[in-house]
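I opened this notebook to record what I looked up, going from domains to the chain interface and then to one pair of strands.

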Amino acid sequence: MRRRPPWYLTFFPALVSIAVGLPIAYLAVRASEVDAAMLREILLRERNLLLVRNTLGLMLGVIAGSSLLAVPLAWLATSTNIRGRGIVTLLSVLPLAIPGYVLGYSLLALGSPYGPVQELFGVTPFARATGFWGSLVALTLYNFPFLFLTLRTGFLEIDPALGESARALGLSPFAAFRRVTLPQLWPAFASGALLVGLYVLGDFGVVSLMRFETFSYAIYLQYAASLDRAYAAWLALGLLALTITILAIEFRVAGRILLERAGKGSRRERKLFRLGRWAWPAYTFVGTALLFSLALPIGSILFWTSRVRDFSFSDLLPSLFDSLSVSIPVALVATALALPVALLAGRFPSGLSRGFERGAYLGYAIPPLALALGFIFLTLKSVPFLYQSLALLVAALSVHFLALALSPIRSAVRTASRSLEEASRALGRGRWETFRSVSLPLLWPGVAGAGLLVFLSAMKELPVSFLLAPLDFQSLPLRVYGYTTEAMFAEAAPYALAILMLSSLGATLVLRVSPGGAR
Amino acid sequence: MPDNASTREPLLAVRDLTLVHPESNVPAVNHVSFDVAAGEIYALLGPSGAGKTTILRLLAGFEVPETGTVSMRGELLSGRGKMVPPEKRHIGFVFQEFALFPHLSVEENVCFGIRVGSGPRAHAHEEVKACGRDLLERMQIEPLSARMPSRLSGGEQQRVALARSLAPRPPLLLLDEPFSSLDADLRGTIRSEVRGYLKKHDMAAIIVTHDQEEALAFADRVAVMRDGRIVQEGPAEELYKTPKNAYVAHFLGGCNVLEGEATGDRAMTAIGEVMLTTEATGSVRIALRPEHLAIETASGRTSDTIADAGADTHGNAGSEGVPSHSLATVLQRDFHGHDITYRVMARGVTLIVKSGYDASWRTGDTVRLIAREKGVVVE
């Protein structure tokens, strides 16, 4: 029997969709405020082609690079008898704890004059920004864990009985793998690649540190340096179009958008591939991957931290306070708004509720610079007194990170089903009693996990903060970014280390939230 | 209040209850009325989609009826703009999908609804635990009391759900397919335990099921439903013996429906003359249960009669001795252990006959069918 949702379960999700839609609309409004001649000049710039080529090239490169690392690692960690599979898994997810711009910083700092490489070997391999290759390495090292996680789930979800029945139907082991196992892995790969691709499209920290001209970097240059806002708006729209195209392709190909991962690991004991004499090459591969993704960046940060003079913990406090003053409200607001969206989608499934959910996901999928630019145009046009205020930054980040809160809350809502509430009511407990003793205990872990996830993500967020921050606002990420652009690696080190420690917490959390994480 | 009056007045009165599916606009429950007396067990029997579960949800207060009323002990619960919340109705509910609280142990689930005194902490009371233990024992799940629901099998979860709803001893308990996940062995035991508990504590119950055997064995009174309406209701045996129409007759176990020509208290059919429960004239449909038919060996000269039975016409019906059209052929014999089911063809009509375990007729035998009970004229 279908019922009408209460007004607040429609009102707040609608509000979220509007909050995502308005900045995009204002982006279009601002872009349309150019005359025809100017428009022709903007659209026909040769540089546009270069931007498209660079952006797509980097995206495909990072997806390819991430696959080279993630596919073997996921297979080793789930399907072979390699020793310490738990540790391999943990170490393959841990690079998520090093945000892209921190990786960019650590790579630049590694090879810079007076850096660790010069100290050890007496050479300066790359003195400064290295364009495509630097961006590729930094983004690959940061992104491959996303692909690893979805592939790991994919491998774990494959029912071993299917491979066995394929063998029983007369297929060779290789044919069974190709015709049965691989097709089942495809959705996991596609959703992982989508995550990576979207991240690369939106990335601003790495490409600007490496000075590689992608859309994001061009937007930043236009906005920050030449102050050509109409062109910045057009670039943001171009980036948005690219994003939506990729979402549409993904939607066609994989038939579903990831982000909402469902499913359970198979109950049956999986038969593991015996590595035998391939064990040592496997260990070497794992070791090399982790050397580059973890040991080098962390070593670089620690090296530069050791070079810091006259710095005490209390010097970190103003930045830490700035970061907290945004991250805590963002965690609260995003979680509070995600709850009605998840409740509506879970309890009152309809075209409308799915639409609202997609709206929330869109806020996360669209490139952060485009979102932030939209918010700037929106405030300048309609509420100028909010421009460069903390409130605006909180609002924009809440809209951006709401989708992160959605997944854990959705699964909690699934657990706290309506029939449980009805059972409690039929056993004589009132509405409030039922909420307190049944719904709340079941929802709470999901809600708390969602809040923590958003909090940690907001703590290390760079691009939106970069565009929307109040004038004297200096959060930890802004410090790292600012010092790195000035090549002040020692000054940046303590802030990078602080972010590293905070987001290690986040990586372990992601591992626990992801299915089969306890194993 | 005098005792007689209170037993006369029904515990639950349902009048003209209707609820329309919002998507399809088809009434899920269509002007349904019935009463349940205190301590009585009432069954709603019907195929899936007949509206049984929706009726339970309307009674429990989970759904708001479009028309009609639900009242208990004369107090209006639903309808005429009134809607008493579920927790104030004192009506228990056993969910088909169990709805066990995943964050509570088996014992905590079972004791969830029991209150001694008041206040949220009351359920930690020793007396409560004793009551819970008693029910866990009756449902044969006592060793599982510390387990979490996710670690139970379907049958175990169903027994926890039963124990949880029985524990507070509500005056009325609604059971939605409450034994469906139990295997055959356990089902009988648990069914009689639940029935005994209900009767012992004078609790009324409404059970929803699509299993006619369960309805007949468990309930005092049965209502057969179809498309959101109650087709017929009455004491289990009465309904079984005198179904109102072919639908009810079929639903309450296998049934043969024969065409016949009635003349007063008897009718002529394919198997010969059949006595009727009610007088009728003209063309009628007559219901006869498989166990109400008996097979007899056709007498000596029947073999000749058989020879021309195929080419026979109505001409010699009612002639002396055995009317030729009462002769029949055994088509199929299914041995079930405790009984044997025969499919027998009589003048082009196939009938189901239940015989004792020792019946020895074989496929192809020529036999005679006798109605041991009066046939019921159905619509």
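I took the domain bounds as they come from an automatic or database domain assignment. The model is predicted, so that local features need pLDDT of at least 70 and side-chain atom pairs count only at pLDDT 80 or more, while totals for chains, interfaces and linings use all residues. Residues are numbered from 1 along each chain as its sequence is written, and chains are lettered from A and ligands numbered from 1 in the order in which they are written.

Entry on chain A. I looked up the domains and found domain 1 at 1–39 + 311–474 and domain 2 at 45–227 + 277–307. Taken over C-alpha atoms, the centres of domain 1 and domain 2 of chain A are 28 Å apart. With contact meaning that the C-beta atoms of two residues, placed from the backbone, lie within 7 Å, domain 1 of chain A contributes eight residues and domain 2 of chain A contributes 11 residues. On the domain 1 side, helix 16 (residues 368–382) of chain A gives the largest share, three residues; helices (H or I, at least four residues) and strands (E, at least two) are DSSP runs numbered from the N terminus. I sorted residues by counting Ala, Val, Leu, Ile, Met, Phe, Trp, Tyr, Cys and Pro as nonpolar, Asp, Glu, Lys and Arg as charged, and the others, Gly among them, as polar. That side of domain 1 of chain A then holds seven nonpolar, no polar and one charged residue.

Entry on chain B. Here the assignment gives domain 1 (3–248) and domain 2 (254–311 + 322–378), with five residues of domain 1 and six residues of domain 2 in the contact. The touching side of domain 1 of chain B has two nonpolar, two polar and one charged residue. For the chain as a whole I noted 10 helices and 19 strands.

Entry on the interface. I found 23 residues of chain B in contact with 17 residues of chain A. On the chain B side, the elements giving two or more residues are helix 2 (52–60) and strand 7 (91–94), and the side divides into 13 nonpolar, four polar and six charged residues.

I noted B:D339 opposite B:G356 in strand 17. Two residues lie between the strands of this hairpin, and B:R347 in the turn has a positive phi of about 50°.

Terms used: Two strands pair if DSSP finds at least two bridges between them.
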